[in-house]
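Subject: Structure handover

Hello,

Here is the structure I said I would pass on. My notes on it follow below the entry.

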Amino acid sequence: QVQLVESGGGLMQPGGSLRLSCKASGNTDIIFVMGWYRQTPGKKREWVATITYTGHANYADSLKDRFVISRDNAQNTLYLQMNSLKPEDTAVYYCHANTHTPSQGSLDYWGQGTQVTVSS
């Protein structure tokens, strides 16, 4: 089992920056890929970025120039630095972790989400 707890959301003016954090606990040794997703009311959850244990990152094309994903494996913490925020970035941001073991196969874990609101 893996538990994920996000923090760092809040209200920010357009053009500002926020850094989200996601602290993982439990059986963190088996976490391989971690990532961020976001969701607005009435829409499907949208992929933002993922990063492997070795630090290889991928981003949604529309966000790669403004968002930076990183992870501190020693602290079991995932980050998302969001710059030049726009009102359309307003969403609940979810942390995701994927594990894979021979006995259980691939499992997905989600945090509870943190609200980011970009508004003047």
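A word on terms before the notes: strands here are DSSP runs of E with at least two residues, and they are numbered from the N terminus. Please also keep in mind that this is a predicted model.

Overall fold

The protein chain holds 0 helices and 11 strands. Read from the N terminus, the order of elements is β-β-β-β-β-β-β-β-β-β-β. The chain is as compact as a globular protein of its length, because its radius of gyration of 14 Å is close to the 14 Å that the globule rule gives for 120 residues. Along the principal axes, the C-alpha trace spans about 50 × 30 × 25 Å.

Of the 120 residues, 41% count as buried. Among contacts with a separation of 6 or more, 53% come from residues 24 or more positions apart.

Charges and salt bridges

There are 10 positive and 9 negative side chains in the protein chain, and the centres of these two sets lie 3 Å apart. Side chains of opposite charge can pair when their charged atoms come close. Here the count comes to 4 salt bridges.

Arg38 pairs with Asp89 in one of them, with the closest N and O atoms 3.0 Å apart. This pair links distant parts of the chain: Arg38 is in strand β4 (residues 31–39), while Asp89 is in the loop between β8 (77–82) and β9 (91–101), and the two are 51 residues apart. Both Arg38 and Asp89 are buried.

Asp89 also meets Arg66 in a salt bridge, at 2.8 Å from N to O. Again the partners come from distant parts of the chain, with Arg66 in the loop between β6 (57–59) and β7 (67–72), Asp89 in the loop between β8 and β9, and 23 residues separating them. Arg66 is buried, as is Asp89. Through shared partners, salt bridges join Arg38, Glu46, Arg66 and Asp89 into one network.

Another salt bridge is formed by Lys64 and Asp61, whose closest N and O atoms are 3.9 Å apart. Lys64 counts as partly exposed because its relative accessibility is 46%. Asp61 has a relative accessible area of 62%, so Asp61 is exposed.

Two residues with positive phi

Asn76 is a residue other than glycine with a positive phi, near 50 degrees. Asn76 lies in the loop between β7 and β8. Its relative accessible area is 26%, so Asn76 is partly exposed.

Ser84 likewise has a positive phi, near 45 degrees, and is a residue other than glycine. Its place is the loop between β8 and β9, which is also where Asp89 is found. Ser84 counts as partly exposed because its relative accessibility is 40%.

Pro14 sits in the loop between β2 (10–12) and β3 (18–26). With a relative accessible area of 40%, Pro14 is partly exposed. Not counting residues up to four places away in sequence, Pro14 touches Leu85, Pro87, Val118, Ser119 and Ser120. Its C-alpha atom is separated by 47 Å from that of Ser103, which is 89 residues apart from Pro14 along the chain.

Ser21 is in strand β3. Is Ser21 buried or exposed? Its relative accessible area is 16%, and the cut-off for buried is under 20%, so Ser21 counts as buried. Leaving aside neighbours within four places in sequence, Ser21 is in contact with Val5, Glu6, Ser7, Trp36, Thr77, Leu78 and Tyr79. The C-alpha atoms of Ser21 and Tyr93 are separated by 10 Å, and these two residues are 72 residues apart along the chain.

Regards

How values were computed. Residues numbered from 1 in each chain as written. Predicted model: local features only at pLDDT ≥ 70, side-chain atom pairs only at ≥ 80, totals over all residues. Heavy atoms only, no water. Helix = DSSP H or I, 4+ residues; strand = E, 2+ residues; numbered from the N terminus. Rg over C-alpha atoms; globule rule 2.2 N^0.38 Å. Buried < 20%, exposed > 50% of the residue type's maximum accessible area, 1.4 Å probe, protein only. Contact = heavy atoms within 4.5 Å. Lys, Arg positive; Asp, Glu negative; His and termini not counted. Charge placed at Lys NZ, Arg CZ, Asp CG, Glu CD. Salt bridge = Lys/Arg side-chain N within 4 Å of Asp/Glu carboxyl O.
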